[in-house]
Amino acid sequence: MQVTDVRTTPFADQKPGTSGLRKKVPVFQQPHYLENFVQSIFDSVPGLKGATLVLGGDGRYYNLTAIQTILKMAAANGVTQVLVGRDGLLSTPAASCVIRKHRATGGIVLSASPNPAGPTEDFGIKYNTDNGGPAPEKITEAIYARSRAIDHYRIMQADAVPLDRLGEQRLGDMRVVVIDPVADYAELMESLFDFPRIRALFQSGHFRMRFDAMHAITGPYAEEILLRRLGAPTDSLLNATPLEDFGGGHPDPNLTYAHALVDILFGTDAPDFGAASDGDGDRNMILGRNFFVTPSDSLAILAANATLVPGYAQGIAGIARSMPTSQAADRVAAALNLPCYETPTGWKFFGNLLDAGKVTLCGEESFGTGSDHVREKDGLWAVLFWLNLLAVRKQSVAGIVQEHWQRFGRNYYSRHDYEGVDSAAATALIEDLRAQFATLPGRRFGAYTVAYSDDFAYTDPIDASLSTNQGIRIGFTDGSRIVFRLSGTGTEGATLRVYLERYEADTTKQGLDSQTALADLIRIADELAGIARHTGRDRPTVIT
Ligand code: G16
């Protein structure tokens, strides 16, 4: 089969964001756009020649087209073997699992995670390294640098590889192995959690759950694990068939975009447990009957209860959370005498800590939780962890959370997102905040006094790499915080994220609605940042 060297010119906008390169589908459909980025990966990771690569995506529009292109480019670039999910499907955590289990050199994962899908919506591509995790910044920067200088790419002239049957095929000298996208992952889950006990919970007749796959990738995984292996009744699953456009929805498991599930859990005759995952299966939302568990609390609760779960029965080595995530996990770490790390936003920053055995559990406020079992956050893993806790503790979700607050205190927490804001206005807002750093410490806002204000920077404790400008932090003397960041995953304008946190130790004051409890901080955030003035918005697009 013939390999062609195609001449090309660089695109200026191929800088990976928080999690790979995310753009609108028509951007990816420009001639040479996808190819340039893929060749930049092969040029920046020379070890892929002669290696095994894992390939798959969340099934969104353009997934199969991109996979066929990448297969032909992998063959032309000397890859020995590609493990590709049947029909081009692999959830992000399953891709991580497959890379690790089959000792692949890396993986290319196609996803724009919770962003909507379809011909005019979002697509994305990211590279994962041999630990199964997202490439660290030094690799994503090398890929970007290469994309600015690229002048040709290599591609094999070949017919499309059929991906609907399991088994081995050849593309030139390269082996293409179509694998079951669920099997390795389901086996890993069964090794971590007490499946017999969870099965007994479902069989008890006193427990009902709803899992919303939001027409995205987790449907087949949930069918295999929840229905077949754990015996949950079929009505436990909602929207379990993956669709190319995710049914026109926005598969972001939060109170706004997963409102159908929220309505069920807050409705009459609500089930005991509700959960949802996102486009590529790495995020999770946890609900109880009439109860929402913030992702930050969820991380803290999993950490505090980890030894109840077989996979973590020996205890955990430490916890890591992204900087904007609430400090609830820090309190658990302190009580259990464990190290707790604060990293920039982006799962890639957990990789070194996990590889070095410094931490076992990681989490982010952005509905991401995971552990050292893979190197991605993992939606269904979090759901199974909660099911395992519910099966052991025999309490309601609300009961477990409220008991946790009584023991550790409650970190009231909320994130306000302003989506699709003018980029220049968002940048000006952040610059204005930076300009106030010198005068803020000591300034009083009602009951709150500013203790510090800074731009978060992180030095990786393992490889000493430095990441700067990771979000504006304004901390108050009572431990409350307001954090401002611009999202690195949007594809339209800018998204301003405002993270608000206040600690409440008094058990008689822990029952407030979080927006009420945080009302003063919400007002101070606007006063400090001039949100309405800069963005022209009088309220957030999404509150979580
Ligand atoms: C990605 C990253 C997460 C990050 C999230 C939000 O998740 O992997 O680490 O917290 O984006 O990032 P940002 O605040 O920059 O938009 P996902 O699920 O989109 O891959």
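**Entry 1: the model.** I reminded myself at the start that this is a predicted model.

**Entry 2: the domains.** I looked up how the chain is divided, and I found domain 1 at 3-181, domain 2 at 185-408 and domain 3 at 410-543. Next I checked domain 1 against domain 3, and their C-alpha centres lie 35 Å apart. I then asked myself how many residues of domain 1 are in contact with domain 3. I noted eight residues of domain 1, in contact with seven residues of domain 3.

**Entry 3: where the ligand is.** I went looking for the ligand and found it in the largest cavity.

**Entry 4: the shell.** I counted 19 residues around the ligand. Which of them come nearest? I wrote down Glu 364, Ser 487, Gly 488, Thr 489 and Arg 497. Sorting the shell by class, I got nine polar, eight charged and two nonpolar residues.

Entry 5: For Ser 487, I found an N or O atom of the side chain 2.6 Å from an oxygen atom of the ligand. For Arg 485, a polar side-chain atom lies 2.7 Å from a ligand oxygen. With Gly 346 I had to look at the backbone, where a polar atom is 3.2 Å from an oxygen atom of the ligand.

**Entry 6: cover.** Last, I looked up how much of the ligand is buried. Taken alone, the ligand exposes 460 Å², and the protein buries 99% of that.

Key. Residues are numbered from 1 along each chain as its sequence is written. This is a predicted model: local features need pLDDT of at least 70, side-chain atom pairs count only at pLDDT 80 or more; totals for chains, interfaces and linings use all residues. Side-chain values use heavy atoms; hydrogens and water are left out. A residue is near a molecule or strand if one of its heavy atoms lies within 4 Å of it. A polar contact is a pair of N or O atoms within 3.5 Å; within protein, one must be able to donate a hydrogen and the other to accept it, and residues adjacent in sequence count only if both atoms are side-chain atoms. Accessible areas come from the Shrake-Rupley method with a 1.4 Å probe; for residues, only the protein chains shown count as cover. On a 1 Å grid over the protein atoms alone, a cavity is a set of points where a 1.4 Å probe fits but cannot get out, and a pocket is an open set with protein on both sides within 12 Å along at least five of seven lines; lining residues have an atom within 4 Å of a point. A molecule sits in a cavity or pocket if more than half of its atoms lie within 2 Å of its grid points. Ala, Val, Leu, Ile, Met, Phe, Trp, Tyr, Cys and Pro count as nonpolar, Asp, Glu, Lys and Arg as charged, and the others, Gly among them, as polar. Domain bounds come from an automatic or database domain assignment. Contact means heavy atoms within 4.5 Å.
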